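Trainee: I would like to learn how to read domains and the contacts between them. Please take me through an example.

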Amino acid sequence: MSATGIGAPVLRREDKRYITGKGQYVDDVNRYGQAHAFFLRSPHAHARILSIDTAEAEAEPGVVAVYTGQHLADDKVGGLICGWMIHSKDGSPMKAGPHPALAQGKVRYVGDHVAVVIADTYSEAKDAAEKIVVDYEVLDAVVDTAGARTAGGEPVHEVAPDNTVFEFHLGNREPTEAAFARAAHVTKIDLVNNRLIPNAMEPRAAVGDWDAGTDTFTLYTTSQNPHVARLVLSAFIGIAPEHKLRVIAPDVGGGFGSKIFIYAEETVCVWAAKKVGRPVKWCAERTEAFLSDAHGRDHVTHAELATDAGGRVIGLKVHTVANLGAYLSTFSSSVPTYLYAPLLSGQYDIPAIYVEVDAVYSNTAPVDAYRGAGRPEATFVIERLMEVAARELGKDPAEFRRQNFVTSFPHQTPVIMCYDVGDYAASLDKALATVDYVGFPARRAESERRGMLRGLGFSAYIEACGIAPSAAVGSLGAGVGLWESAEVRVNPVGTVEVLTGSHSHGQGHETTFAQLVSDRLGIPIDNVSIVHGDTDKVQMGMGTYGSRSGAVGMSAIVKALDKIETKARKVAGHVLEAAEGDIEFKDGKFTVKGTDKSIDFASVALQAYVAHKFNGQELEPGLKEGAFYDPTNFTFPSGVHICEVEIDPDTGVTRIERWVAVDDFGVLINPMIVEGQVHGGIAQGVGQALFEGTVYDSSGQLLTASYMDYQMPRAYDFPRFSVETTETRCPSNPLGIKGCGEAGAIAAPPAVINAITDALGHEDIAMPATPRAVWRAIRRTPQKMAAE
Amino acid sequence: MYAFNYHRPASLAEASAVLVANADAKFMAGGQTLLPAMKLRLANPSDLVDLVALRAELSGIRREGDRVVIGAMTRHGEIATSDVLLAAIPALAGMAAIVGDPAVRSRGTMGGSLANNDPAADYPAAALALGATIVTDRREIAADHYFLGLFETALEEGEIITAIAWPIPKRAGYEKFRNPASRYAMVGVFVAERADGAVRVTVTGAGASGVFRATDFETALTADFSSAALAGVAASPEGLNTDIHADAEYRAHLVGVMARRAVAAATA
């Protein structure tokens, strides 16, 4: 391993500009003559718009234009789309209501877009918006996830009279019923997977620009996948054909899923730029981010686990109601279906699984993918069930899991997935040793001597990453393929630019991708630059989400590098006057086998462009290759996390005392960056478990619309994490890597809740387990009261 | 933020005059509450009367016999690290050290906080427990007569706090349970045994009408100033706030927990 090659903990090359204020984010983009947009948002969760009077606002100082949904309709601007078709169990397609970028006739959540004011300054736009007079007929709001189908009153969308988007199912129903019929024991739980608000550090922003000379548009936007944004804005919303629309996602300050989607604001900014003949800029205020970024999770689930007399799991039944909010966001329908149900088997060999998911509309912000997307929800179900079942059966929770682990691969589950490789017991053993499991009773006793409660919780998770292959996801309803592209451009002096369809918004691609190239071509990492996020530079790509950029994005680079090496060998053969087959390539040098004749990579690059040494008819000049890579399977990262908590029964405050993560991500490119991803993931997962509770009141007002009421995790909330890895090489991509970006957020919530319920000695506490919730739970636990 | 007129008066008299002359004018000391409210368009003063030019005149911490006098424009960070205060009333210095966050403590002032009388602010609990005197440009107000409810005080229009005089107690302690999100006091309890032996227990963050005295706790501690003396004493949920973070019953419970811990801190 070289100092900058695969496996080296290279410091992140991009961090210097991030931490010295030299990053270029969308809000740093300022175009000549730009105007500023402010969006008037609905104060009501559900209302008919009887009239909008913009005359007074238009007369305010600095105002350039005021637009409403009518203007979009007049210009035949299409609505926002949901790109994944789900069919109900009766075969009918999901019921997608209209989703105009500016409301037409109705508003459906607090924060919904009513009108846009474009003015010389942002303040002027905001001031003028107060002069818009909207006459609303307020309707009853549908807020409650479990009650949405029976809410009565006017439905959120006409197309779904009982607010049901679809009734999805997956698995083998009859075998599952049979398994429950012969079960020795059935464990039942009811769970709520709490709604989360993403809170990327950088709020969403957009600058739309239009060039009157060429009739071309440029959109700068906070996107995780600028090419998908261009595709949707062109093909579906109809802003401009793709060759007339450039989308740039420059430095992006975190996404966690929330910047995958194509939103109203960027649509309006790029459309309005031509309309007003000036660039139009918008940057969300934090309150707008709370109100209108696509939220995550929001499931209500009943689940049952059947075990036989020997403690083997023989069946799993899950019924989930998933709240998708007021509109179907870009990939919302895939999250509680194909990103959720296929993961419910966890790490376990469960022969019969049947899952039903009813997706509902409500008068709340749209819900879509958020770090983990479906997999945290699935992991929470199966890992809470396994914990509760172990306790009911009087088994050690670690050994109960071990008894039910999948141990031979490939393993076909009853819910689509075919697990390719893994060693779940290896991760469990390492985690037990690292946390000092045998020492836990002594630690618990010590806590009790101080009047504290101590608990330990497991989470043995599996996730499906590198979502693919395209043909497979297409058969499940995806509107796009999920391959990735790469282009490797070798300059005449031997430096290399890699154009990737992946997008880095904090993941460190400028480092890890360059490590791969440096390693493969034997050139200094400083000679490699990574280019992403601009549709005029990178021809096409699918972007970054679902922990896919390593497994899919880097594999595309490998494929392009294969082609580069093949071409370079030919060039070297000509220069060294040897047969191509006699050329060896190692450590950046091409050598004629068995001789000391050699030429380094940079010289080959120069010769490829000088082209004096070969006949242009036999070999093209130049050294540039592209590749599209479509994997053969998902990847299946897995691992075991153990959380140990101490609870103050006087206040209900939970402190995390130990956290052990043992993950199998396959081959690691940069273990330091992997560890950072695990840290961030755990923090977000713990945020869900302990802190982050999204609260709408019964009228649909968001009560947690600022940091005064929405608690984010802080560094203070965590102990030093013990992050370890095991490795089984992923067989479905050339690098053997699996993906690590979401693991922590997937693993963490059940580990925390299992630890708290272990400490309290009972089986149920809702997320977020706030001090009040824990204190209340302690009060209804008689045995603990007696012990005090 | 809406447009407003900005004033920076050079004297107390001028400051008061500007405020009185403009119906929707507001004083600004450190601005740590007012400016965020203005940014969110929740506050809309026509005129902002910035007292920063009076800082030299209105800040400083000095011992005057059996009390410590703190200038109204003295910042939390200065109060937290004052050797004079750390020696005389360490519980008050400790309180200043946990007001807000470092940014707030480097700008926010004691006078500004007491003038605002946020129901979740820290200083009102200390003032009511220690028997502070609020000194203004026109009179002196005893803490017992100063706090009149949520964001309500005895200050008259245009009246400016110039200093706060703090009697030095025998012993005192403060413990707060923070709102998990905002980190304001969800329940803060200050306990003091004054120089004359009188015991005060005051509660901030919890009451629907702002800071209040927990007299049952005072009675118990008067008999025996120890945590153990509070073992059987419970606060009533009546009159306490219920919100998404804590209901009245939980707050009442926390009053007891924080009171016991505050006494423990005072007697440590």
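**Domains and their contacts**

Mentor: Chain B is split into domain 1 (5-54), domain 2 (55-167) and domain 3 (171-267); such bounds come from an automatic or database domain assignment. This is a predicted model, in which local features need pLDDT of at least 70 and side-chain atom pairs count only at pLDDT 80 or more, while totals for chains, interfaces and linings use all residues. Residues are numbered from 1 along each chain as its sequence is written, and chains are lettered from A and ligands numbered from 1 in the order in which they are written.

Trainee: How many residues of domain 1 of chain B are in contact with domain 2 of chain B?

Mentor: Two residues are in contact if their C-beta atoms, placed from the backbone, lie within 7 Å. Here 14 residues of domain 1 of chain B touch 18 residues of domain 2 of chain B.

Trainee: Which helix gives the largest share of that side of domain 1 of chain B?

Mentor: Helices (H or I, at least four residues) and strands (E, at least two) are DSSP runs, numbered from the N terminus. Helix α1 (residues 12-21) of chain B supplies the largest share, five residues.

Trainee: How many residues of that side are nonpolar, polar and charged?

Mentor: Ala, Val, Leu, Ile, Met, Phe, Trp, Tyr, Cys and Pro count as nonpolar, Asp, Glu, Lys and Arg as charged, and the others, Gly among them, as polar. The side of domain 1 of chain B that touches domain 2 of chain B has nine nonpolar, five polar and no charged residues.

Trainee: How far apart are the C-alpha centres of these two domains?

Mentor: The centres of domain 1 and domain 2 of chain B are 19 Å apart.
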